[in-house]
Amino acid sequence: MVQIDINCDMGESFGNWTMGRDDEVMPYITSANVAGGYHGGDPHVMRETVQLAADHGVGVGVHPGLPDKMGFGRRKMDATPEEVKDYVTYQLGALRAFCDQHGVTFQHVKPHGAMYSMLSESPDHARAVMEGILDVDEDLIYLATDMNIYEVTEEYDNLDAVFEGYVDLDYNPDRSLIVEQEKQARDPDLVADRLVRIATEGTVEAANGEDIDIPADSICIHGDTPNAVEILETVHDRLDEHDIELAPLHEIV
């Protein structure tokens, strides 16, 4: 039986501002990437999201971003490798405390937005973050969003890494993602077909029709897609048809 993880970015609301549909999406996923309070989230939302994950048996990881709530962590920032390492360590520690409080497995790290782009473009920044993660806990898993970052993780024998695939976004032939300016509803059957192909074949069709390799053990599905719940319901039905088992990251690595 093939195992696959479904992860989703969570806990990005803060104050009176709501982002995503965490309550509706959490029952369908196996790993939650929870905002650490910099690009989104606040202490109360972090606690509530971790509790929600505990209620549904979902593994939790931190989704650290740059300190830029107004820009939702998507704007570039001039930060040194050491500064970015500190941003990750700070957010990791905050979320880990809530996980300890609620008896939830704290399992992984997945950088957000402009921080992810920075790590993808600069191996020095990526190495600093990975070394910071290892300084805290060698059992933590790095969830790598692209091959540039994944190749850097392979420099560290003691760092577990999982490559992440996307099924509700399109790929360019070079395996880079085509990111929408505004989330659009997706065909649930098409998304489910893509997930099955990645899980069973490690391939997906790029926007130009070319088949490309996506060797992913975890699939990200965006909770703020307008029909996210319908997509996830269709995915679950399709997984049952193809004898694919869902499992959180810490059970796959």
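Biologist: Which are the buried residues of helix H4 (residues 113-121)?

Modeller: This is a predicted model in which local features need pLDDT of at least 70 and side-chain atom pairs count only at pLDDT 80 or more, while totals for chains, interfaces and linings use all residues. Residues are numbered from 1 along each chain as its sequence is written, and side-chain values use heavy atoms, with hydrogens and water left out. Helices (H or I, at least four residues) and strands (E, at least two) are DSSP runs numbered from the N terminus, and buried means under 20% relative accessible area, exposed over 50% and partly exposed in between, with a 1.4 Å probe and protein chains only. On that basis, the buried residues of H4 are Ala114, Met115, Met118, Leu119 and Ser120.

Biologist: What is the distance, centre to centre, in the aromatic pair of tyrosine 38 and tyrosine 87?

Modeller: Tyrosine 38 lies in the loop between strand E2 (31-35) and helix H2 (43-56) and tyrosine 87 in helix H3 (residues 81-102), so the pair ties together parts that are 49 residues apart in sequence. Tyrosine 87 is buried, at a relative accessible area of 19%. The pair is edge-to-face, with 70° between the planes, and the distance centre to centre is 5.8 Å.

Terms used: Rings of Phe, Tyr and Trp (its six-membered ring) pair if their centres lie within 6.5 Å; planes under 30 degrees apart count as stacked, over 60 as edge-to-face and the rest as tilted.
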